[in-house]
Amino acid sequence: MRLDITKGIQRKGVEVPFDLVESWGEDRWNGDTVTYLRPVSFSGTYMLADETVLVRGMARALIQSPCARCLAPAQTAVTARVEEAFVRDSGEETPEGTEDSYPYTGHVLELDDAVRTALLLELPSRILCREDCKGLCAQCGANLNETTCSCQKDLPARNPFSALASLLNEDEEV
Ligand SMILES: [Zn+2]
Ligand SMILES: [Zn+2]
């Protein structure tokens with residue numbers, strides 16, 4: 001995602017609107033493969049002040065990632081506010097106070113890193129394919145949203161009356 005700032009160079013101190021759309025493929029995030037399902041959009045304004053470009057805008061994406069419980073593809077619509085400073089790369093050491101900014105050369109800003117980071121940070125830490133996803137059976141791996149398995153029957157039954165019954169039995173013994 002590249003932003004041509006020629007207009008802003010000619011009119012320093014003026015906010016110049018931009019509207020960008022680009023198709024992205026896959027990405028890695030928290031050990032998972034995430035896919036951008038729709039073209040990513042980023043619109044806002046930029047402004048030049050000396051050699052620094054301030055970029056402000058909203059990024060939008062539809063991101064697919066594996067469900068935390070059943071691993072089926074889950075979709076999340078993400079909107080992220082992006083507010084970053086780009087400082088012209090003079091080839092010298094980074095000036096003090098600009099460590100958090102992105103470098104640029106010429107009249108084009110490379111926005112991918114800033115937009116990507118903002119979007120992925122908006123993803124919830126646990127993404128579910130649906131609110132009540134039943135997940136996978138811990139024993140046989142069956143997807144419990146699609147099927148039932150017999151594993152659960154092997155779990156010891158929790159019968160509230162069994163505790164009471166043992167109490168009654170103890171009474172009888174007295
Ligand atoms: Zn799921
Ligand atoms: Zn099972």
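Predicted model: local features only at pLDDT ≥ 70, side-chain atom pairs only at ≥ 80, totals over all residues.

Colleague: Okay, on to the fold. How many helices and strands are there, and what order do the elements run in?

Modeller: The chain has three helices and nine strands. Starting at the N terminus, you read β-α-β-β-β-β-β-β-β-β-α-α.

Colleague: What share of the contacts joins residues 24 or more positions apart?

Modeller: Taking the contacts with a separation of 6 or more, 57% are between residues 24 or more positions apart.

Colleague: Let's do strands. Which strands does strand 6 pair with, and in what sense?

Modeller: In a regular strand the side chains alternate between the two faces of the sheet. As for partners, strand 6 (residues 52-66) runs antiparallel to strand 4 (residues 32-36), with two bridges joining them. It also pairs with strand 5 (residues 40-49) in the antiparallel sense, over nine bridges. With strand 7 (residues 73-88) the sense is antiparallel too, and there are 15 bridges.

Colleague: What do the hairpin turns look like on either side of strand 6?

Modeller: Strand 5 and strand 6 form a hairpin with two residues between them, and Asp 50 in that turn has a positive phi of about 55 degrees. The hairpin of strand 6 and strand 7 has six residues between the strands; its turn includes Leu 71, with a positive phi of about 70 degrees.

Colleague: Now the core. Which residues of the largest nonpolar core touch the most other members?

Modeller: The background idea is that in soluble globular proteins, nonpolar side chains tend to be buried together. In this chain the largest nonpolar core has 20 residues, and Val 53, Ala 59, Leu 109 and Val 115 touch the most other members. Strand 5, strand 6, strand 7 and helix 2 are the elements giving two or more residues to this core. Strand 6 gives the most, with five.

Colleague: And what is Val 53 in contact with, beyond its neighbours within four places in sequence?

Modeller: Its contacts are Ile 5, Gly 8, Tyr 46, Leu 48, Phe 86, Tyr 104 and Leu 109.

Colleague: Last topic: is Arg 116 buried or exposed, and what about Gly 91?

Modeller: Count the other C-beta atoms within 10 Å: 20 or more means buried, 12 or fewer means exposed. Arg 116 counts as buried because 20 other C-beta atoms lie within 10 Å. You'll find Arg 116 in helix 2 (residues 112-121). Its C-alpha is 9.5 Å from that of Ala 80, 36 residues away in sequence. Gly 91 has 7 other C-beta atoms within 10 Å, so it is exposed. Gly 91 lies in the loop between strand 7 and strand 8 (102-104).

Colleague: How much of the chain counts as buried?

Modeller: Of its 174 residues, 16%.

How values were computed. Residues numbered from 1 in each chain as written. Chains lettered and ligands numbered in written order. Helix = DSSP H or I, 4+ residues; strand = E, 2+ residues; numbered from the N terminus. Contact = placed C-beta atoms within 7 Å. Pairing = 2+ DSSP bridges. Core = buried A, V, L, I, M, F, W, Y, C linked by C-beta atoms within 7 Å.
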